[in-house]
Structure formats: C-alpha cells, structure tokens
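Reader: Please take me through one part of this model up close. I would like a pocket and what surrounds it.

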Amino acid sequence: MKKYILILLLFVSFSVYSQNTINNYKYAVVPERFTFLKEVDQYSLNSLTKALLQNKGFTVYFDNNELPSDIANNKCQALNAELLEKSGMFSTSITLLLKDCKGNVVFKSKEGKSREKDFSTAYNAALRDAFTSLDQIPYTYVEPGNQPVQPIVTPAAAAPIVATTTVAPVVTSTEAVTNQPAGTLYAQATANGYQLIDTTPKVILTLLKTSAADYFIAANTTANGIVLKRDGNWFFEYYKDGKFISEKLVIKF
C-alpha cells in the first residue's frame with residue numbers, strides 16, 4: 001500500500017511541476033528596491049538581477065516602469081523576482097525566488113554565498129552564486145496552450161538536465177562581418193538597452209540604458225560594471241578582487 005501511495009505522490013508532484021514552470025513565462029518583473037535594502041537599486045543589486053534574468057532569456061521590466069499591455073492587463077503573465085538575504089558575521093547569503101501572481105514559488109535557487117567583507121562585492125557575488133541554480137535549468141518560453149505533453153518519469157529514469165542558452169542569430173551579411181575588426185561585438189536592441197553578441201552567436205554583455213548618453217550599466221556571467229564611450233572608443237569598466245579593470249570594446253550598433 002505504501003508503495004502505491006509513494007508512486008501517487010511522485011505523479012502528483014511531477015504533474016504540478018510540469019504545469020507551472022519558468023517555461024510558462026515570457027516576462028519577469030524586478031522591484032526597484034528589495035525589501036532588505038534602504039535605497040533604490042542599492043549596490044546595483046536590482047540592475048544585476050534584471051541583467052542576469054535577461055541573460056537567461058526573459059523579457060524583464062522594473063516594477064516602476066510602464067509595463068507592456070501583456071502584463072498590465074494580466075499580471076499573471078509575469079514572474080516576480082524576490083531576493084531573500086541572510087547575513088552573518090563571516091558570510092552573506094542570497095536566495096532568488098521567482099513567484100507567480102498568486103505568490104506561489106515557481107523557482108527557488110540555492111543559497112548563494114560570499115565571504116567578501118565589502119557589502120557591494122558580497123551581495124553581487126552571492127547573487128551570482130545563487131543564479132547558478134537557474135543556469136542549470138533549460139528555459140524556452142512556451143505560449144499557453146502549446147505546452148507539449150510531459151511524460152511521467154521516476155527520479156531514477158529522469159535524464160540529466162543540460163543548461164542551454166538560446167541567442168537570436170546575428171542578422172548581417174558575410175561581407176559586413178568580414179570587414180569588421182576581430183572581436184567585434186554586435187548590439188541587439190532589448191526592452192531596456194542592448195545585448196552584445198559575438199558571431200557564434202553568444203551573449204557577451206548585457207547593457208542597460210541610463211539617463212546619460214553613451215553610458216550603460218553592464219553585466220555578464222563574471223562581472224558587473226559600466227560600459228561607456230571615451231575619446232571615441234568603448235570601454236567595459238569594473239572591479240575584480242578589488243582591482244579596477246578597463247577593457248576596450250569594439251561595438252557595432
């Protein structure tokens with residue numbers, strides 16, 4: 001009898017998971033200020049969360065912006081990002097939650113940790129560590145009504161999860177690519193800026209617009225900082241292990 005109850009519980013658990021996953025959502029909404037912080041986008045944590053979700057493939061908006069009609073008319077079209085923070089004497093921990101419009105947790109990351117003493121460095125490092133959980137889950141938006149029928153599997157028979165990243169192809173001619181300097185990055189417009197991709201294509205950097213021209217908040221999988229134009233050239237500037245780094249970029253808009 002216990003055996004049949006266990007099988008039933010596994011079936012119900014899998015059915016619920018298959019019906020409500022991150023693949024059911026095209027949009028994600030990030031608050032302009034997380035509850036455990038005192039200022040808007042303090043330590044650039046909100047901007048980094050937005051950039052990392054965009055890198056995953058979501059269309060992301062801050063909750064203070066004018067939302068598109070898809071979300072404005074139906075808040076259940078979007079996932080809402082929340083961060084849980086836990087700080088101790090020697091470490092900082094961040095957990096990412098993605099919730100639906102009813103407050104149900106659709107995704108919960110591992111507890112990302114950092115032992116950095118500087119708050120800004122610690123929060124950013126812990127958040128990136130938490131996002132590695134999301135990186136392990138394949139994401140492809142499937143419109144409602146088009147979800148494929150999910151097979152019933154037991155944990156022993158489940159195939160390993162392989163993370164994939166889908167990037168829109170670079171729409172440009174062979175001649176145009178050939179005439180560009182080696183290492184050129186191509187800017188593709190997003191809702192709030194650009195994503196810079198190479199010819200693979202692979203997303204190298206995500207840029208978020210600011211109030212200043214030729215100045216962007218920038219992030220990739222290893223660092224976050226700014227991209228700015230100086231003396232006619234583009235630079236990606238950030239700190240790594242307490243050291244200031246400035247990388248020259250060649251960008252084709």
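**The second largest pocket**

Author: A pocket here is an open set of points on a 1 Å grid over the protein atoms alone, where a 1.4 Å probe fits, with protein on both sides within 12 Å along at least five of seven lines; lining residues have an atom within 4 Å of a point. The model is predicted, with local features needing pLDDT of at least 70, side-chain atom pairs 80 or more, and totals for chains, interfaces and linings using all residues. Numbering starts from 1 along each chain, and side-chain values use heavy atoms, without hydrogens and water.

Of 26 lining residues, Thr121, Asn124, Asn224, Tyr239 and Lys240 are closest to the centre. Helix H4 gives the most, 5 residues, while H2 and strands E10, E11 and E12 are among the elements supplying at least two each; these are DSSP runs numbered from the N terminus, helices (H or I) of at least four residues and strands (E) of at least two.

H2 and H4 also meet: their axes, lines fitted to C-alpha atoms over the stretch in contact, come within 11 Å and cross at roughly 20°. That makes H2 roughly parallel to H4 (an angle under 35 degrees).

Conventions:
Axes fitted to C-alpha atoms, helices over the stretch in contact; angles between N-to-C directions. Parallel < 35°, antiparallel > 145°, perpendicular 65-115°, else oblique.
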